[in-house]
Amino acid sequence: MVVPSAPSAPTPRRLSRPRWLNVRVIGGIVLVVAAVVIGARVIGGSARTIGVWAADRDLAAGTVLSEGDLSTTEVNLGNNADLYLTPDVASPIGLTVVTPLRAGELLAASAVEESASGRVVAVGVEPNNMPPGVGHGSIIDLYLTTGGAAPTTERIATDITVQSVTAPASGGLSGATSSRYQVSVMLPAAEADKLVRTLPNGEPIVVLVSGEGG
């Protein structure tokens with residue numbers, strides 16, 4: 001009797017990892033890494049700050065910027081950085097403010113321009129005719145009181161910008177104007193000449209229109 005032989009065991013086959021799986025996994029890893037890098041750059045860029053000029057006090061239109069009017073502050077302007085003046089470009093000292101600035105407001109490039117030619121007139125004002133708060137960057141109206149027994153007061157200048165204020169001298173040699181405030185304003189030549197001719201006719205009075213001074 002012939003005994004049938006047992007069937008031979010099949011030869012095991014080694015499973016190979018599909019090539020497409022390797023490509024997809026590697027591609028996915030690359031995409032994840034790229035997304036992380038790009039995201040980090042975007043977040044870093046959005047958090048980046050730059051130094052920008054800002055007003056230290058209220059400044060009226062017509063103010064010629066001087067030392068002490070501005071300071072720098074770190075802000076994040078994003079894509080609007082080119083609209084503002086930064087300390088690393090040029091100093092705005094000597095430029096003229098063309099739109100009023102509030103204390104703390106950033107200095108936009110459009111808010112200043114080259115200073116026009118004009119004349120500075122110093123107005124001597126008695127302390128009792130000088131309201132508190134008048135200073136560099138304030139807007140004032142100027143009145144003149146004339147006459148003796150029946151004095152009259154009329155406005156001789158309106159909405160003029162104060163460039164500087166010097167307080168009355170205390171001690172030392174006294175001059176003709178040492179007991180007065182010296183209020184300097186810049187005006188076009190014709191207006192300056194008219195004001196200079198008018199002032200000796202009476203006693204000037206300053207009325208504060210706006211501005212904290214300083």
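**Notebook: pockets and cores**

I started with the second largest pocket, and its lining is Ile156, Ala157, Thr158, Ile160, Leu187, Glu191, Lys194, Leu195 and Thr198. Strand 7 and helix 2 (189-198) are the elements that each give two or more residues to that lining. I sorted the lining by class and got five nonpolar, two polar and two charged residues. The volume comes out at about 180 Å³.

A reminder to myself: this is a predicted model. I looked up the confidence before going on. The mean pLDDT of the protein is 81, and 75% of the residues reach 70 or more. Among the elements, strand 6 has the highest mean pLDDT, 94, while helix 1 (residues 19-46) has the lowest, 63. Where pLDDT is low, the predicted coordinates should not be read in detail.

Next entry: the largest pocket. I read off about 270 Å³ of space for it. It has 17 lining residues, and Gly62, Gln163, Met186, Leu187 and Pro188 are the closest to its centre. Leu187 had already turned up in the lining of the second largest pocket. Which element supplies the largest share of the lining of the largest pocket? I found that it is strand 7, with four residues. Strand 8 (181-187) also supplies at least two, as strand 7 does. By class, I noted six nonpolar, seven polar and four charged residues in this lining.

In soluble globular proteins, nonpolar side chains tend to be buried together. I looked for the largest nonpolar core here and found 18 residues, of which Ile140, Leu142, Val185 and Leu195 touch the most other members. The elements giving two or more residues to this core are strand 5 (119-125), strand 6 (139-146), strand 7, strand 8 and helix 2. Another core lies apart from it, with 13 residues, including Leu85, Leu95, Leu101 and Leu107.

What is Leu195 in contact with, leaving aside its neighbours within four places in sequence? I listed Val121, Val123, Leu142, Ile156, Val185 and Leu187.

How values were computed
Residues numbered from 1 in each chain as written. Predicted model: local features only at pLDDT ≥ 70, side-chain atom pairs only at ≥ 80, totals over all residues. Heavy atoms only, no water. 1 Å grid on protein atoms, 1.4 Å probe; cavity = no way out; pocket = protein on both sides within 12 Å on 5 of 7 lines; lining within 4 Å. Points joined across faces, edges and corners; volume = space filled by probe spheres on them. Nonpolar A, V, L, I, M, F, W, Y, C, P; charged D, E, K, R; others polar. Core = buried A, V, L, I, M, F, W, Y, C linked by side-chain atoms within 4.5 Å. Buried < 20%, exposed > 50% of the residue type's maximum accessible area, 1.4 Å probe, protein only. Contact = heavy atoms within 4.5 Å. pLDDT = per-residue confidence, 0-100.
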